[in-house]
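Here are some notes to read alongside the coordinates. Please keep the structure open as you go through them.

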Amino acid sequence: MRGVNIGKAVLRGITVGAFENNVYFLIDPLAGESVIIDAAAEAERILEAVRGTRVKFILQTHCHMDHVLALKETRSRTGAPVGVHPADQQAFGVSADIHLKDGQTLDLGQETIRVLHTPGHTPGGLCFLIGGHLISGDTLFKGGPGKTAGPEQFRQILESITKKIYCLPDETVCLPGHGPETTVGESKREYEVFARRKRTEPVYGDVVWLAS
């Protein structure tokens with residue numbers, strides 16, 4: 001992902017590891033500070049992306065193994081506090097310094113990161129809204145929602161998406177934990193096709209809006 005200006009900060013991303021995870025960085029060059037979102041893998045590349053800045057926070061969209069492979073090393077070498085939702089800390093045993101909750105805000109220089117709790121893929125799944133960009137983790141991808149383990153988890157993720165994400169402006173850019181970006185407007189149009197279909201069996205697992 002090429003750098004995008006968010007006020008006086010820059011939002012950029014790289015893809016790392018065998019699972020092709022997207023790691024995102026919010027960097028304020030004037031303040032000399034940064035935020036890492038999802039320390040997934042390849043710690044050296046993550047650290048290189050924020051070299052010359054003080055890492056203020058490491059924020060996790062969720063704590064599945066592929067999203068935390070570089071967390072221990074990145075945390076140790078930056079000294080930055082790690083923020084996760086307490087439900088994921090309990091479910092996956094990841095040590096956290098900050099318990100993130102729905103509606104909470106974090107500041108980097110003059111920019112604000114708003115926390116959205118979006119359970120379904122994991123109980124403590126989070127998205128981070130930064131200006132007109134949403135770091136959507138594994139809650140929402142281009143083409144559909146994140147994978148769910150059963151009908152109740154699918155109900156949760158559907159509620160998270162429709163009530164927390166689809167209320168954002170259509171032009172909001174969604175930056176997922178894997179794969180290419182989408183927009184709220186594009187995803188809503190795809191979901192409307194899915195919602196019109198009649199089904200007799202529960203839906204969950206790997207769901208694609210236009211094919212499921």
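What covers the buried residues of H6?

1. The model is predicted. The cover over the buried residues of H6 includes strand E12 (140–141), helix H5 (151–165), strand E14 (173–176) and strand E15 (182–183).

2. Now H6 itself. Helix H6 spans residues 184–196, 13 residues in total. From first C-alpha to last, H6 reaches 18 Å. That is close to the 18 Å expected at 1.5 Å a residue. Its buried residues are Val184, Gly185, Ser187, Glu190, Tyr191 and Phe194.

3. Next, the sheet. Seven strands form an open sheet, in the order E1-E2-E3-E4-E5-E6-E7. The pairing is mixed. Strand E1 (4–6) and strand E7 (98–99) are the edges, and each pairs on one side only.

4. Look at the E7 end. E7 pairs with strand E6 (residues 82–84) in the parallel sense, over 2 bridges. Val84 stands opposite His99 in E7.

5. Helix H3 (residues 71–78) lies across E6, strand E4 (33–37) and strand E5 (54–59). H3 runs at about 150° to E5.

6. Finally, the largest pocket. The space in it is about 150 Å³. Its lining consists of Met1, Gly13, Ile14, Thr15, Asn22, Tyr24, Leu175, Gly179, Pro180 and Glu181. Strand E2 (9–16) and strand E3 (21–28) are the elements that give two or more residues to this lining. E2 gives the most, with 3 residues.

Key
Residues numbered from 1 in each chain as written. Predicted model: local features only at pLDDT ≥ 70, side-chain atom pairs only at ≥ 80, totals over all residues. Heavy atoms only, no water. Pairing = 2+ DSSP bridges. Helix = DSSP H or I, 4+ residues; strand = E, 2+ residues; numbered from the N terminus. Contact = heavy atoms within 4.5 Å. Axes fitted to C-alpha atoms, helices over the stretch in contact; angles between N-to-C directions. Expected span 1.5 Å × (residues − 1). Buried < 20%, exposed > 50% of the residue type's maximum accessible area, 1.4 Å probe, protein only. 1 Å grid on protein atoms, 1.4 Å probe; cavity = no way out; pocket = protein on both sides within 12 Å on 5 of 7 lines; lining within 4 Å. Points joined across faces, edges and corners; volume = space filled by probe spheres on them.
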